[in-house]
Amino acid sequence: MTLLGTTRKVPKFGARYVLESQIRAMLKFFWLIAAMAILNPLLYLVSFGIGVGSLISQHIGPHGIDGVSYLTFIAPALLASSAIQSSMDETIFSTLEGFKWRKLFFGMNATPQTGNTIAGGVFLAAMVRTVIGVSVYSAILYFFGAMNSPHAYLAIPIAIFAGASFGAIMLAFASHVHNEDLFLTIIGRFLIGPMFLFSGTFYPLKSLPSALQIFGWISPLWHATELGRYATYGHQISVTMVIIHFAFLLVMLVVGLFFGFRQFSRRLAK
Amino acid sequence: MLLSAAVAIAERREGKFGDRYYAGRSRAVLERSFIAFKSSTWFVVLSGFVEPVLYLFSFGYGVGRFIGNIDAGSGKMVSYAAFIAPALLATSAMNGAVYDSTWNVFFKMNQSRLYHGMLATSLGPLDVALGEIAWALMRGLIYAIGFMAVVAPMGLIPSWWGVLAIPAAVLIAFGFASVGMAITSYFTRFQQMGAINIALLPMFLFSGSFYPLTVFPGWIQAIIKALPLSQAIQLIRALTLGVMQVGLLVHVLYFLVMITFGLFITTRRLDALFMR
Amino acid sequence: MSENLIEVQGLTKKYGEFVAVNGIDFHVRKSESFGFLGPNGAGKSTTMRILAATSRRTSGEVSVLGRDPEIHGPQIRAHLGVVPQEGNLDVQLTVTENLYIYGRYFGLSSKFIRSKIDDLLEFAQLEEKRDTKVDALSGGMKRRLIIARSLVSDPDILILDEPTTGLDPQARHILWDRLFRLKEDGMTLLITTHYMDEAEQLCDRLIVMDKGSIMSEGSPAELIREHSTREVLEVRFGSEQNVRMAPAMEKFCDRIEVLPDRILLYTEDAEAVLEEIVGAGHSPKTSLVRRSSLEDVFLRLTGRSLID
């Protein structure tokens, strides 16, 4: 009777166990993930912030873009981009691994775990990695002097929020995937690459031709970057726009989780 | 005993130099890639040159507006887009070659055991290495042509010497693919491949793709210039901007050494791995 | 005339300290079907790989078709068809493409290979799957395709490493039938297996290997005659009782083996022994009378079961 009692509880808190197993899997590559988490921001900041920044200040002065140094300008964009990247990596690869490569989810599903708890565990694990990554990144930004506004810390939850939204969408996509080579190529080449390059990351979105600006509008990275810039250095932004940016990310999160959870359950039941 | 065709073919090579390692048939390995390619998703493979083009648009024109013209060395002023275009070509040659010679090779070596099958025939390890690399190079060639076809009409290749950037990109890809395959042959687990990404990222960011190396102190410049990607960028940039000088041959030599070294190690490793 | 295609003397293979093959001698005649019987880790596959010129020996003499595989690897491999234990079909290609490209690896002309493909597909009973990607084939189909693939170069010797391991009974029988045809056509076959029924069915002559050494050599019938009795009586008294009953059983037969789940009594007439046992007041829960098999030979030679 006691045995039955404890197992019956599992579905309710099940995501916690999936989360634990996901994190254990992540810890195996701890050094790799840690090295990337520290090297990535350092290298990008030095290369673009300082290298490209020096070319820009030669041409239009040290505070030529948005009234701040180039490093300060790109910092919140890189922060949000890294949050999106790590959350996406984790949801996509865990999902592909679970459904296709090692078929772990089908084993989990034979226990009282359900599609919802497994999807929830995968998503939460991605969030754990994102939170850690964003914290490390922010600390590095702080030392570079790119987080010196009084409410700069707000850039941290904003970046995490962006990571969650995009991770949720990728969870939904990846759970449908059967041909992962094709999927990964298309995602990398036609979604992530362009998003990184055309979301006002390296220059204001407004300086792009108006046809290309549309891309920024549908990009979670741009919405997160705008909010982040407001937080870290007081980039001018209207209240309406703040609401729009938040609403966009929130809708992505909810839609992504809804379809992701639903597809996890469906695919496991097949 | 009546000789079969397969035996007669193998006997022809008997006694020639290196006949244990090379059967003179890397074509068959290349043909295999072509057959596999025919049934794969074409547009995905062919769209490989999209990435450098996107970088070019985003940086060349986006960031370029805030930078204006810059000194590409020896006082030659060029637009920012013309400055980074050759670097992007070199980088994409590197990335393509590294991807093909690491992920793809690792999969065929350890997961699908494709090379085990090949080496059970009368092929030798050098046939396999050359055939696989040749395929990577053909892809690289198509990407390089595709990229040039986009950027040349935009006026970003001011010199006719720029045509030579295409074979140069293939040479560069050859160098990276040979060394990449040699390194991959030492890997036993997928995760080790992450190390390659860690090594490539700083090279991509600091090899003078996006700004002249003169922003760095002299000793750092010296280190960077010795790295393969920087060598590649110097070579291709000189060609597209038409800054011709004898010194370019040093870069060519650099890649020839990489190719020889990489092939040597790869052949020995394949031989050791499959002749255990 | 029986010409030796393969001659091996004192073959030894070490991986570091571990001795995988320990100084073995044997020879294989033309058109013979030669087997290596032994448990996993006996050194069978290592021996096969050395013969197939895909592994270097530590010491000893090996001659395949009169030449040393270590020096003339590509030339010797051109004579061989290899069916590896682990599948290595080209998963990105279709059935036909797999056959075609494998022939190309041997340098055969496209025209030559295309002229053979229909026959090979028929042999492998895969005509209807010709344009299917190999990923979608069943285990038995894949194994037949690998065998067909190994035939594309008209080999003189076919090397099969555990050809039916992992297949269901029906798929095994289809495969055996295919191999019989090759044997009838005069192909020289080298087969490793840890299934005694497979060895009995397919091999003219075989060596029994254990821990890198040859325990015995001969035809299946010879081996059984030499190392076992004609018949075997298997009796079960229940898992706790077998060991206790063993001493009482010894007097009824030539030799006895006590296994965890049963007792084997070796004798020329098992029926008679069973009657004696029952007559003496023992009542085994179950009993089985059968002919001796290679399993019994192996048990005798090594004191262990072949499949554990």
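In the predicted model, helix H10 (residues 270-279) of chain C lies across S10, strand S12 (263-267) and S13 of chain C and runs at about 35° to S10(C). Helices (H or I, at least four residues) and strands (E, at least two) are DSSP runs, numbered from the N terminus. Axes are lines fitted to C-alpha atoms, for helices over the stretch in contact, and angles run from 0 to 180 degrees between N-to-C directions. Because the model is predicted, local features need pLDDT of at least 70 and side-chain atom pairs count only at pLDDT 80 or more, whereas totals for chains, interfaces and linings use all residues. Residues are numbered from 1 along each chain as its sequence is written, and chains are lettered from A and ligands numbered from 1 in the order in which they are written.

The strands of chain C form an open sheet of four strands in the order S11-S12-S10-S13, with antiparallel pairing; two strands pair if DSSP finds at least two bridges between them. Strand S11 (255-258) and strand S13 (286-291) of chain C each have a single partner strand and stand at the edges, so one side of each is left without a neighbour in the sheet. From one strand to the next, the twist averages 20°. Six bridges join strand S10 (residues 231-236) of chain C to S13(C) in the antiparallel sense. Glu231(C) has Arg291(C) in S13(C) as its bridge partner.

In chain B, helix H5 (residues 80-111) and helix H9 (residues 193-206) pack at an angle of about 175°, their axes being 11 Å apart. H5(B) is therefore roughly antiparallel to H9(B), a term for angles over 145 degrees. H5(B) contributes Thr91(B), Val98(B), Thr102(B), Trp103(B) and Phe106(B) to the contact, and H9(B) contributes Met193(B), Ile196(B), Leu200(B) and Phe204(B); residues are in contact if their C-beta atoms, placed from the backbone, lie within 7 Å. Seven of the residues in this contact are nonpolar, two are polar and none is charged. Ala, Val, Leu, Ile, Met, Phe, Trp, Tyr, Cys and Pro count as nonpolar, Asp, Glu, Lys and Arg as charged, and the others, Gly among them, as polar.

Between chains, the contact of A with B takes 29 residues from chain A and 26 residues from chain B. Helix H2 (30-60) and helix H7 (180-197) of chain A each supply at least two residues of the side of chain A that touches chain B. H2(A) provides the largest share of that side, 14 residues. The side of chain A that touches chain B has 20 nonpolar, eight polar and one charged residues. Of the two pairs of chains that touch, chains B and C have the most contacts. Chain A and chain C are joined by no contact, and their closest C-alpha atoms lie 12 Å apart.

Technical notes: Parallel < 35°, antiparallel > 145°, perpendicular 65-115°, else oblique.
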